[in-house]
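Terms are given with their cut-offs where they come up.

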Amino acid sequence: MTTWIVIALAVFIVVLTIVSIMGWLPSMRIVPDDTTFDFMRFRRISFPISAIASIIAIALYFTHGLNFGIDFKGGTLLEIQTKSGPADIADLRTKLGTLGLGDVQLQQFGGPNDVLIRIAEQPGGDAAQQVAVQKVRATLGNDIDYRRVEVVGPRVSSELLAFGVLGLMLAILGILIYLWFRFEWQFALGAMIANIHDIVLTIGFMSIAQIDFDLTSIAALLTILGYSLNDTVVIYDRIRELLRRYKKMPMPELLNQSINSTLSRSIITHVTVTLALFALLLFGGKAIHSFSATMMFGVVLVGTYTSIFIAAPLLIYLGVGTTRDAPEKPSRP
Amino acid sequence: MLYFTRWKALAIIFTAFIVCLCAVPNFFPEKTVKTWPKWAQRHLVLGLDLQGGSHLLLAVDSNAVKKEKLEQVRDDVRRVLRDAKLGYSGLAVRGDTVEVRVKDTDLAAALPKLRELSQPLGGLLGTSGQRTAEVTDAGGGLVRLTIPPAAINDRIRQSVEQSIQIIERRVNELGTVEPLIQRQGLDRILVQVPGLQDPTQLKGIIGKTAKMEFRMVDTSVSPEQIGQGRVPPDSEILQGAEAPKQPYVIKKQVLVSGGDLTDAQPGFDQRSGQPIVSFKFNTSGSRKFAVATTENVKQPFAIVLDNEVISAPVIQEPITGGSGQISGNFTVQQANDLAILLRAGALPAPLTIIEERNVGPGLGQDSIAAGELASYVGSVLVVVFMLLTYRLFGFFANVAVAINVAMIFGILSLLNATLTLPGIAGIVLTVGIAVDSNVLIYERIREELRSGRTPISAIDAGFTRALATIMDSNITTFIAAAVLFYIGTGPVRGFAVTLGIGIITTVFTAFTVTRLIVATWVRWKRPQAVPI
């Protein structure tokens, strides 16, 4: 069956390739040529929206909280699969409840046989975590396949958290310095504000979706950072180019033209990344599901929006182009 | 931009080809690859999350090391003062120091002797100027020996070094493939054992200190006294290893220790058929054991492992042959493990597992399948989309992306890098992003065409302008990947690796491969219009 699907797909791609090489396909324009949207007008809407969204995200972080995974919180995570028949979660809960391990969470994970067990960090240091796992193993017996067992002690979890936060800050700083060298400081600052906005919104999303916040999430955040900047840099590059070419064009118009002329690229790239992430989200397996979901939100929903509606208009407020020649007044006789 | 000298073109094709070629060993079974020359054997390593296995991070108990070091200094002080026939009192470990009181008249004689205990750190070659102990005269006959942190760290370092060797011996006995055992930081050891079904045995084998001692049982103490915890100062109460943890009173003096063992093998007792471990002593061990057993016939002695009494048999007759057996209600597995532990030797200090990550082989298989499926679906979607959007140029882009991905695998193989599930995600993402460089170039060409340039000049300008942007936009992502590589471990680091390499190959293909393809097409077709 699978072989046939693969063969069918291969044939389809070969045919499509031949058709496109021969030029038998009509030209497809996702974005019409020479768009002239007035993006700058949206900043009166987009800035308040982003400000409110960011405040909500921060509020969520403090009220709803982030679901810290064992990487940062310590504790034990077991992914088990019953060998015979579906797992009886209620029964498992009672059994594990009698062990006195404090907070034990059980959750169906994928199929009816799969259960994810989370055990909070045990008091008593690193060795106590191992004792807890031994107890759980002894209780669950032999009718179970341990697909994944992760135990993170207090020493490692606090280090990982420190490393994660340090890493995020280091990345932001590194990118800031790079942009500062390549562009002017206003661009670096604008990109940075846009960036932090992305991270804040994504963390808000993770809070709502109750996605486990662990090392993988840091990886997702850093990637979002990278790609959102990728978009921003493409637009900034164009802005810089136009700034050199048109010495007298007013800033809003110049920014509009920059965004419009890169719009087609932004959207096409957006689609390809979405397609790739879509494949990861649907077929990449449970292990990276939350990673893909976070990336989908950060790269696809937030990243591109930020580049167009936040990062670019910000330059006006940061004073880019204020030292430029005044636009020529229409000459009157 | 569109002109390539023949040499340059050849160099580009050659480089891309060679790098792609490096990925070839991955497509052959490991057995076949093993027969190839060494330089051709480099291949991808599947991460523990894909092939299943155990990742254990162990920490040497630095408090135990410190305590042991201080006790050792205390014993040295006792020996030195006794040898010098100097009276002393109040010898004890206090915090980070060892204190001893000598008579004022003896102080002048005692101080130089005690100073001899302090050695330069790092042996004769030590250049740090630090010493293993600082001897200070606190006045009133009180002498303090302080162990500086550097000396303790040095000791921890040695402990880790020895532990690594011992763990290697132990893990190799399990017969697993390519375990990785390495130091991490000052006091940590990383153990990664791929393809392990059940980590329990591994943990049992690594986590045990396996300090084995033969000591006498103190029979002068009544059960009531044991209950009250009143035992003579040269004895201590130890628990039995078996389930009803029976207390034993054991003399502190060690007759023979595990360090004197030369061999230990699991076996079965000839009479009872119970699993046992038989052992052999070296010469000095044999002598000590012979003397002890001769002196204590009909007395019980205890086999103590990690401060638990495994068994306490009565000595029936002197054992002079230098070998014996331990029977302690073992299962076959336990006897096996104990033999491994005794052969490999005792750890210099206890190790604690501070991080453990196990992936069963089932989940690993599922992850590989999921990763493959996601890669295929992602690639097909992107390839089809590019063909529909850019037609002929979409085909060019797809060729470039295919070469790009092949090169990623080539470089990963060349580095013997570890491929993890997030790593596969990184490659899928790279496919999505790699076409971005083509999109940037093509959109620029479209723009240049619209502004009225001729096809060739538009293509040329498109490349020139877009390549600068490609560079800038990729470097930011590369910085993020580099940071991630630095802070991440395991699967996350695998993601950083593929992401970072993906960016390098993307920039390379955009600057060379794509440009070469389009340039060749232009030369061949001399197009009047660009079908883009």
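**Basis and confidence**

This is a predicted model, in which local features need pLDDT of at least 70 and side-chain atom pairs count only at pLDDT 80 or more, while totals for chains, interfaces and linings use all residues. Residues are numbered from 1 along each chain as its sequence is written, and chains are lettered from A and ligands numbered from 1 in the order in which they are written. The pLDDT is the predictor's confidence in each residue, from 0 to 100. For chain A the average is 87, and 96% of the residues score at least 70. Residues 328-333 of chain A stay under 50, and the model has one contact beyond four places in sequence for them. Two residues are in contact if their C-beta atoms, placed from the backbone, lie within 7 Å.

**Contact between the chains**

Chain A contributes 69 residues to the contact and chain B contributes 67 residues. On the chain A side, α1 (2-21), α5 (125-140), β5, α6 (154-182), α8 (215-245) and α9 (251-283) each supply at least two residues. Of these, α9(A) gives the most, with 14 residues. Helices (H or I, at least four residues) and strands (E, at least two) are DSSP runs, numbered from the N terminus. The chain A side divides into 39 nonpolar, 18 polar and 12 charged residues. Here Ala, Val, Leu, Ile, Met, Phe, Trp, Tyr, Cys and Pro count as nonpolar, Asp, Glu, Lys and Arg as charged, and the others, Gly among them, as polar.

Strand β5 (residues 144-152) of chain A has seven of its nine residues buried, so the strand is largely enclosed by the rest of the structure. A residue is buried if 20 or more other C-beta atoms lie within 10 Å of its own, exposed if 12 or fewer, and partly exposed in between, with C-beta atoms placed from the backbone. Two strands pair if DSSP finds at least two bridges between them. Eight bridges connect β5(A) with strand β2 (residues 75-82) of chain A, and the two run antiparallel. Five bridges connect β5(A) with strand β17 (residues 351-359) of chain B, again antiparallel.

| Residue | Bridge partner | Strand of the partner |
|---|---|---|
| Leu78(A) | Val149(A) | β5(A) |
| Arg148(A) | Val359(B) | β17(B) |
| Val151(A) | Glu356(B) | β17(B) |
| Ala92(B) | Glu99(B) | β4(B) |

Ile354(B) lies in β17 of chain B. With 24 C-beta neighbours inside 10 Å, Ile354(B) counts as buried. Beyond four places in sequence, Ile354(B) is in contact with Asp126(A), Gly153(A), Arg155(A), Val156(A), Leu57(B), Leu58(B) and Ala59(B). The C-alpha atoms of Ile354(B) and Val60(B) are 9.9 Å apart, although 294 residues separate the two along the chain.

**Domains and sheets of chain B**

Chain B is assigned domain 1 (6-52 + 360-525), domain 2 (62-153) and domain 3 (210-329); the bounds come from an automatic or database domain assignment. The centres of domain 1 and domain 2 of chain B, taken over C-alpha atoms, are separated by 63 Å.

An open sheet of four strands in chain B has the order β3-β4-β6-β5, with antiparallel pairing. Strands β3 (88-94) and β5 (134-139) stand at its edges with a single partner strand each, so one side of each is left without a neighbour in the sheet. Helix α4 (residues 62-83) of chain B lies across β3, β4 and β6 (142-146), at about 165 degrees to β3(B). Axes are lines fitted to C-alpha atoms, for helices over the stretch in contact, and angles run from 0 to 180 degrees between N-to-C directions.

A closed barrel of five strands in chain B runs β9-β11-β10-β15-β14, with mixed pairing. Its neighbouring strands are turned by 55 degrees against each other on average, direction ignored. Helix α9 (residues 283-295) of chain B packs on this sheet, touching β9 (212-217) and β11, and its direction makes about 135 degrees with that of β11(B).

**Positive phi**

Most residues other than glycine have a negative phi. Lys85(B), which is not a glycine, has a positive phi of about 55 degrees. Lys85(B) lies in the loop between α4 and β3 of chain B and is exposed, with 8 other C-beta atoms within 10 Å. Arg526(B), also not a glycine, has a positive phi of about 45 degrees. Arg526(B) is in the segment after α15 (490-525) of chain B and counts as exposed, with 9 C-beta neighbours inside 10 Å.
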